[in-house]
Amino acid sequence: MTGQHIQAEKVIVCEKLTKRFGDFTATDEISFEVYKGEIFGFLGANGAGKTTAMRMLCGLSAPTSGKASIAGYDVYTQTEDIKRNIGYMSQKFSLYENLTVLENIEFFGGIYGLPDEQIETKTNELLDRLGMKSESKKLVASLPLGWKQKLSFSVAVLHEPKIVFLDEPTGGVDPVTRRQFWNLIYEAADRGITVFVTTHYMDEAEYCNRISIMVDGRMEVLDSPANLKSRFGVKTMDEVFYQLARGAKRGD
Ligand SMILES: Nc1ncnc2c1ncn2[C@@H]1O[C@H](COP(=O)(O)OP(=O)(O)OP(=O)(O)O)[C@@H](O)[C@H]1O
């Protein structure tokens with residue numbers, strides 16, 4: 001990853017962002033910045049606090065303390081503006097299985113407030129890009145998982161959001177299919193969309209411009225994969241992750 005397309009504009013700025021549930025601190029004073037067009041990997045073992053942090057960044061859950069601005073909007077007071085400027089995809093929530101490919105695209109285009117003629121143009125572009133023209137009238141339920149994931153990502157960026165949040169987007173598919181999915185991510189980043197992605201796959205971590213690793217609610221490291229490997233004196237991100245995560249108290 002060269003990162004040549006990354007621009008100086010900051011689209012996520014977090015300062016000591018914290019979420020407590022009673023006396024348990026799920027996300028503990030995390031501070032970081034993410035740039036326009038950057039692919040930012042958000043890693044951590046189970047229970048490290050990733051989902052909690054991501055929900056705050058998407059304007060879905062109010063922080064206990066700290067600051068964050070997303071696409072220039074405040075996470076306490078401007079959550080509706082945040083939602084309009086982001087895309088979101090997760091393994092759990094994505095497409096309607098009982099609608100066709102076309103119906104799903106039209107549905108989400110409508111939700112994002114795109115005018116009909118724009119939905120039509122975007123739909124054609126999208127089906128072309130994915131090589132799915134002949135599948136457009138098939139039910140999503142009948143598609144292979146890898147295709148569903150690619151379609152789901154394309155729908156999440158249909159409205160050209162400033163940032164797209166991906167929560168373990170490629171679970172359950174093989175490395176070749178994951179690589180194809182990542183080509184779509186690169187194209188989106190080249191268009192200036194910032195990609196904020198959580199993953200448990202270390203091959204995917206290598207594809208990010210920078211990655212952070214959360215341990216027990218705190219952001220322990222944040223750097224490029226190459227710098228992290230060199231700092232830890234190891235050859236793979238797997239080893240970096242293992243060295244950090246083995247000290248964790250939370251998790252399965
Ligand atoms: N609503 C809640 N009330 C109490 N504790 C919570 C709540 N939500 C999350 N937690 C706790 O906060 C910690 C962090 O959870 P979170 O889901 O953010 O982790 P994660 O890094 O996303 O893990 P995973 O990879 O398993 O999704 C966990 O110990 C979890 O049990």
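What follows is a chat about a predicted model of a chain with a ligand.

User: What are the ipTM and pTM of the model?
Analyst: This is a predicted model, with ipTM 0.95 and pTM 0.93.

User: And what is the mean pLDDT of the chain?
Analyst: The mean is 92, and 98% of the residues reach 70 or more.

User: OK, the ligand. Which residues surround the ligand?
Analyst: The shell consists of Phe-21, Phe-24, Ala-26, Gly-44, Asn-46, Gly-47, Ala-48, Gly-49, Lys-50, Thr-51, Thr-52 and Arg-250.

User: How do the residues of that shell divide into nonpolar, polar and charged?
Analyst: Six are polar, four are nonpolar and two are charged.

User: Which elements each supply at least two residues of the shell?
Analyst: Strand β2 (24-35) and helix α1 (50-57) do.

User: Which one gives the largest share?
Analyst: That is α1, with three residues.

User: Switching to the sheets. What is the strand order in the sheet of four?
Analyst: The order is β2-β1-β4-β5, in an open sheet with antiparallel pairing. The edge positions belong to β2 and β5 (73-74); each has a single partner strand, so one side of each has no neighbour in the sheet.

User: Where does α1 sit relative to that sheet?
Analyst: Helix α1 packs on the sheet and touches β1 (10-21), β2 and β4. The direction of α1 makes about 125° with that of β1.

User: How many bridges join β4 to β5?
Analyst: Two bridges join β5 to β4 (residues 65-70), and the two strands run antiparallel. Across from Ile-70 stands Tyr-73 in β5.

User: Now the sheet of six strands. What's the order there?
Analyst: The six strands run β6-β7-β8-β3-β9-β10 in an open sheet, and the pairing is mixed.

User: Why is one side of β6 and of β10 left without a neighbour in the sheet?
Analyst: Because β6 (86-90) and β10 (218-223) stand at the edges, each has a single partner strand.

User: What does the twist average from one strand to the next?
Analyst: In this sheet of six strands, the twist averages 15° from one strand to the next.

User: Take β3 and β8. In what sense do they pair, parallel or antiparallel?
Analyst: Strand β3 (residues 39-44) pairs with β8 (residues 194-198) in the parallel sense, over four bridges.

User: Which residue in β8 is the bridge partner of Phe-42?
Analyst: Phe-42 has Thr-198 as its bridge partner in β8.

User: Last one. Which strands does helix α6 lie across?
Analyst: Helix α6 (residues 175-190) lies across β3, β7 (163-167) and β8, and runs at about 145° to β8.

Technical notes. Residues are numbered from 1 along each chain as its sequence is written. This is a predicted model: local features need pLDDT of at least 70, side-chain atom pairs count only at pLDDT 80 or more; totals for chains, interfaces and linings use all residues. A residue is near a molecule or strand if its C-beta atom, placed from the backbone, lies within 6 Å of it. Ala, Val, Leu, Ile, Met, Phe, Trp, Tyr, Cys and Pro count as nonpolar, Asp, Glu, Lys and Arg as charged, and the others, Gly among them, as polar. pLDDT is the predictor's confidence in each residue, from 0 to 100. Two strands pair if DSSP finds at least two bridges between them. Two residues are in contact if their C-beta atoms, placed from the backbone, lie within 7 Å. Axes are lines fitted to C-alpha atoms, for helices over the stretch in contact, and angles run from 0 to 180 degrees between N-to-C directions.
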